[in-house]
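Time to open the notebook. I want to look at one helix and what covers it, then a pair of helices, then the ligand.

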Amino acid sequence: MALLHYLHLIYELTLTSTSTPSNKLKLITAIIALLTFKYRSHAIGTRRRDDLKEPKGAVPFLGHMPLMASIPGTRLHDTFLKNYRELGPVWSISLPGIGRMIHGDSPELVEHVSKTNFEAYEKGEHFNEALGDIFGKGIISTDGEDWKSKRKQATQVFNIKVFREYSSEMFSKESQKVVDYLDKAATSGAVVDFHELMHAFALDSFGSVLYGESFGCMKNIGGKVPFAEAITELLEVASDRLVDPLWKLREAITTVGAETRQNGIIMRQHILRMIAKHRAEDWSDPNKKRDLLMMFMEATDSDGQPCSDQYIVDMMLNLTVAGRDTTAQGISWMMYLLLRKETDPEILETFIREVDETYGDNLPTFETHKKQKFAEAWYTIKLIYAGESFTWSTYTMGRSELIWGPTAHEFRPSRWLGGEKSKSLNKSNPFHLGPRACVGQGFALLQATTIMGLVLKNFEVKLVEPGRLPAYGSGMTLPMVGGLPIRVSRRIHRVDVKA
Ligand code: HEM
């Protein structure tokens, strides 16, 4: 607003016929000097905040934009961690066109924003505008009443017992394909990229659970599946848009805009095809297994009317995009943490003992999943003005000595067990907390405990490079750069994969 005011002033004063050229020049110089003074240490359009610490490197008008642009994606989270260590839990940066971003890596603040005062912190205009054409009017990019009714519906569907049992059966079935694949690798001694394998598994299992049909990625690991490519590219675009105020211009003058539209079409057409396929099926058998799409086709909206195809497409697209990379990468990091040489070997042993005890000689079910408490624990491991946003870093909080004490760097799943679990929720929670926490959390845990349980029950897994900490990539999730090469050999007491 202030900028518009000044520009208007320039216009008024410089374009009047009575002003001489020299006066006009003086006036423009004075206004530029004034603006430079006003925005000498922060981005144009943002408020100066002397009460908040900032990393060094802000420049007039652009604030921290040049600094942020200079940080490679593979260093971003560590830079945030460094800021936390140097500046404390609350610090901020200002970015033109995006506003001031306040980082608050403290359990109390996270709890305040996510739970206690949740209503006051919406996703906001910038977020919803940047992601609106990608996620449509789905649960991710909406706020207020619209979000509330979608959230309620999604939560209900995820909690329906028959659907949970169906998911469990499908995750088990798809995990079997991974076991078969690893079985061959155990025989040949081949190195397997577990990260790549988990991306194939995650999409296939999502295909089965969400749409009743696997995408066939496991048959062609590393091969191209248009639906999978579309998700990857859409997520990249979404992540770029959130930090680039000029994304509209960038996409208009490059091929990114057209590619994004095309990827949206690929995803939406697939979902529409699946809706048509399901409509043509016989629904009369009450015992017919129901995938997630069918659950939404049967559900009603907030007015009690059947949901429109457009509504269902948006909902399914949101759930698919939110769930694929997060789960694949979460499972890969889990595997790495378990196997790296710094981790106490007792943790892997406890995990395997739990799997052996809960599965016996059977395959995992929804009931066995509920008993995998250790596996689950292992996986889970101020004032703001308008135009400012609040964020926090799970990566930073998970490594904070202030929060976890001197053993912060140790991998200890026990922190999420029993009574400790509820105390730890606001300390570093990859699913966040409060009303906007991950709606697919239970679903992700079911998938992770099933696949990890079956893999570790059947194989002894070794990292090919035990001393290498995988680098992370940039984006909305945390991909591993260079994958996670492993070697497997069969364990003696294994579940018969053909059973
Ligand atoms: C390891 C796996 C996963 C992690 C770490 C994860 C993490 C998260 C986080 C942190 C949020 C909150 C984002 C925010 O506050 O803006 C979120 C939201 C969400 N997640 Fe997940 N997620 C995972 C898996 C899944 C799965 C499997 C699904 C669905 C099948 C899913 C669906 C969603 C949806 C729809 C939202 C938006 C909820 C809302 O806005 O009300 N997620 N997830």
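I started with α10, where F227, A228, A230, I231, L234, L235, V237, A238 and R241 are buried (buried means 20 or more other C-beta atoms within 10 Å of a residue's own, with C-beta atoms placed from the backbone). Helices here are DSSP runs of H or I with at least four residues, numbered from the N terminus. This is a predicted model, so I noted that local features need pLDDT of at least 70, side-chain atom pairs count only at pLDDT 80 or more, and totals for chains, interfaces and linings use all residues. Residue numbers start from 1 along each chain as its sequence is written.

What covers those buried residues? I found α6, α9, α11, α12 and α14 among the elements that do (contact means C-beta atoms, placed from the backbone, within 7 Å).

Next I checked α9 against α8. Their axes are 9 Å apart, at an angle of about 150° (axes are lines fitted to C-alpha atoms over the stretch in contact, and angles run from 0 to 180 degrees between N-to-C directions). On the α8 side I listed S167, M170, F171, K173, E174, V178 and Y181, which meet L197, F201, D204, S205, S208 and V209 in α9.

Last, the ligand: 19 residues surround it, and the closest are A322, G323, G330, C438 and G440 (near means a C-beta atom, placed from the backbone, within 6 Å). Which helix gives the most to this shell? I got α14, with seven residues. I also saw that α14 and α21 each supply at least two.

Notes. Two residues are in contact if their C-beta atoms, placed from the backbone, lie within 7 Å. A residue is buried if 20 or more other C-beta atoms lie within 10 Å of its own, exposed if 12 or fewer, and partly exposed in between; C-beta atoms are placed from the backbone.
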